[in-house]
Amino acid sequence: MSTTAFANRPRFDAVEKVRGSLRYAADVPLPGMHYAMMVPSRIAKGRVISVATEEALALPGVIRVLTAADFPPPPVPVPGSGGPPPPPTIIDEIAYRGQPVALVVAQSLEAAIEGAEAVTCTYAEAPFSPLIDSEGGERQPTPEVKAGDAAASMDRAVHRFKAEYQTPAQHHNPIEMLSTTAVWENGRLTIYEGSQHTAGVKNGVAGALRLDPRLIDVKSPSTGGGFGQKGAAQRQSALVAQAAILTGRPVKLVVPRGQIFHNATFRPRSRHSIELGADAGGRMIAVRYDADQQQSRRGQFPPHYHDSPVQLYGVDYLGTAANVRIDTQSPGYMRAPCEQPGLFAFESAIDEFAEQLGVDPVAFRLAHDTAVDPTNGRPLSSRHLHECIREGARRFGWERRSRAPGSMIAEDGTQIGWGMASGAYQGLTTPTIATLRIGADGSTRFAVAGHEMGQGIRSVIAAVLMDGLAIDPAKLDIQIGDTTVAPQHITAGSWGTASVVPAAHAAVQRMNAAMEELLAGREVGGNLHRKLATVRRPSLQVEVSNVAPGQGPEALDRLRQTGMQIAGPDYPDFTTFSYIAHFVEVRVEPRTRRIRVPRVVSIADCGRVVAPRPAESQVRGGVVWAISAALREETEVDPRFGGWLNSDLADYVLAVNADIGEIDVGFIDKPDPLTNAVGTKGLGEVAMVGASAAIANAIYHATGKRLRELPIRIEDLL
Ligand code: MOS
């Protein structure tokens, strides 16, 4: 590929986005549609004894009420194993408050809501453990993460630091609500669902309803934000599918926000204990880091808190992590799942240790580097963290910072704080299969795995195709998020661009070669469509595939079968990570103690930048969320009843536009030489990683107060 920069075009879907004309799954109109509403459990744990449906069925417009009797019985769990997780259907065993106990289907949304309110249940209640420190929580450690001999290094440390940090439960809240629309026709099930993983929905629904997955198609035309919440079959998916099968009508369910809080995955509460050691010269030589997270009784979201911190500084490291099983719905992946809370804790601790050692936090980080993966000694494919830090410091004006906390005060008494932190996120890849067809009629169709959830994957694909092929951009159709067009993999873990771009790049090369072959030396002018018309070919199609380093063709088969075949960050010969450095200014108002973040500089190393505009937006979005996660968001439990207290957007407080100042984004933009042919690494999640710590570090610099629990609020600074 040429080394010139990709053209800086507008987003591929910019016009539709601005006009509001992009079509999302719940917008698909179907004749004869029925509407569904779930009935949530009123208890936090126990069994449903009976469900009274008569009153609901007597209401005008109510067609049917589905209960546990309408679903295959759940597999009997092996005694003592705790698992597998219960199927996402309706079952009598209640594991958390808000779990669906019935589904009402009606001719109108209003009738479905009224019907759901008319269904009543009797329960056998059981005692429950609502909080991470409740009696009855079960702590289950997972395998240690190790680099070098941290215990021996800690023993010989001359300087030591130890502190505890906490982060709250938080919920994703994408703008697009969770929804499922299902149609059962001629023995086939078609599901429209805003998703990051249409193949996962297909397989999840097939498993839950014991159907052949080959009978199911899943389509997610555009997704209005995913962030990990839409990465599998959702709680309502199989319920709506079964309703469509049993009623023979298209059925749509848009899950109300309060039920999303209770039924979707979320970021679990976590606790972090971090000990750091340095030698007499102030060189950090040992890290001991123990993390616990809230978990459901049978949930599987792993507490992988050490993936990123172990990679930052090339220091001996011992990390342990544990699930604390309580009575909640299952937590799950939420943007930078463990890296966001983990690097808040770790990069706060690094800042505190630098302060204790009397070293500037930038200088302290620059004094610790690694060219290899500390866990296995293999080389890193690329690492420009220090360039991120230096460029960030330069743009931010870090050298003008006065060191002492509380020493930068504006004329009106406002305390100014400057803080910074680093971030890292693993570089993953999934195999990809794509077809590219160019028509003499001017059309171009590229069909591939991937889901557009606002991050701009269509823009990235378009950039590669339009830079490499003489085609008409107005008639470029990028077909993604559809199990009928190409084998779909989950779009998550920041591997979308790094997996799809090499496939698009290969398709460009294959297409240009195929065209040359077709022309066989004839001189034909114009773009590719024109050339095809001249030689009287209606269209030309190529198929390409891309696998991760170290993967063979069998990875493509596994992708076709499972929709999941992820490789990295440790490839056979090297390890790949993306990096970022964040610099933050906070201002603390002297009387109200209100915290503002007027200015952020974030410099990322994501390899080669293919589509600069969506890339900058990604970083801005990540920083916005980090501000929100640091200063606003917490989902609170009602320990009397279980479930979430603030389960709506009035009470679950988010950062809004007025909370966000200037966010200056920069990229190192150096191609990674090893992970793929184009040199891209992931960006979506690293964008957020470390930024919450930079905010907390800035608040310390402004006020002299170390705040080790998120969110940080006015009352913490009174
Ligand atoms: Mo992301 S939390 O892997 O969608």
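# Notebook: strands, sheets and packed helices

I started at a strand pair, where Arg437 stands opposite Arg445 in β18. This is a predicted model, in which local features need pLDDT of at least 70, side-chain atom pairs count only at pLDDT 80 or more, and totals for chains, interfaces and linings use all residues. Residues are numbered from 1 along each chain as its sequence is written. A note to myself on labels: helices (H or I, at least four residues) and strands (E, at least two) are DSSP runs, numbered from the N terminus. Two strands pair if DSSP finds at least two bridges between them.

**Entry 1: around β18.** I found four bridges joining β17 (residues 432-439) to β18 (residues 444-447), and the two run antiparallel. They make a hairpin with four residues between the strands, and Gly442 in the turn has a positive phi of about 100°. I then followed β18 to β19 (residues 476-479), where the pairing is parallel, over four bridges. There, Phe446 stands opposite Ile478.

**Entry 2: the seven-strand sheet.** I traced an open sheet in the order β3-β5-β1-β12-β9-β10-β11, with mixed pairing. Its edge strands are β3 (62-66) and β11 (216-219), each pairing on one side only. From one strand to the next the twist averages 20°; such angles run from 0 to 180 degrees between N-to-C directions, with axes being lines fitted to C-alpha atoms, for helices over the stretch in contact. Within this sheet I looked at β1 (residues 34-40) and β5 (residues 100-106), which pair in the antiparallel sense over six bridges. Met37 stands opposite Val104 in β5.

Which strands does helix α3 lie across? I noted β1, β3 and β5, with α3 (residues 109-118) running at about 20° to β1. Helix α6 (residues 237-247) lies across β1, β3, β5, β9, β10 and β12, at about 30° to β9.

**Entry 3: the three-strand sheet.** Here the order is β4-β2-β6, open, with antiparallel pairing. β4 (93-94) and β6 (120-125) stand at the edges with a single partner strand each, so one side of each is left without a neighbour in the sheet. Two bridges join β2 (residues 46-52) to β4, and the bridge partner of Arg47 in β4 is Glu93.

Entry 4: I checked the length of α13 (residues 496-519): at 1.5 Å a residue its 24 residues should span 34 Å, and its end C-alpha atoms are 34 Å apart, which agrees. The expected span is 1.5 Å times one less than the number of residues. After α13 comes Ala520, with a positive phi near 45°. α12 (residues 457-468) packs on α13 at about 25°, with the axes 9 Å apart. The two are therefore roughly parallel, the term for angles under 35 degrees, with over 145 counting as roughly antiparallel, 65 to 115 as roughly perpendicular and the rest as oblique.

**Entry 5: α16 on α17.** The axes of α16 (residues 612-631) and α17 (residues 691-703) come within 8 Å and cross at roughly 55°. That makes α16 oblique to α17. Which residues of α17 make the contact? I listed Ala691, Ser692, Ile695 and Ala696, facing residues of α16 that include Gly622, Val623 and Ala626; contact needs C-beta atoms, placed from the backbone, within 7 Å.

Methods. Contact = placed C-beta atoms within 7 Å.
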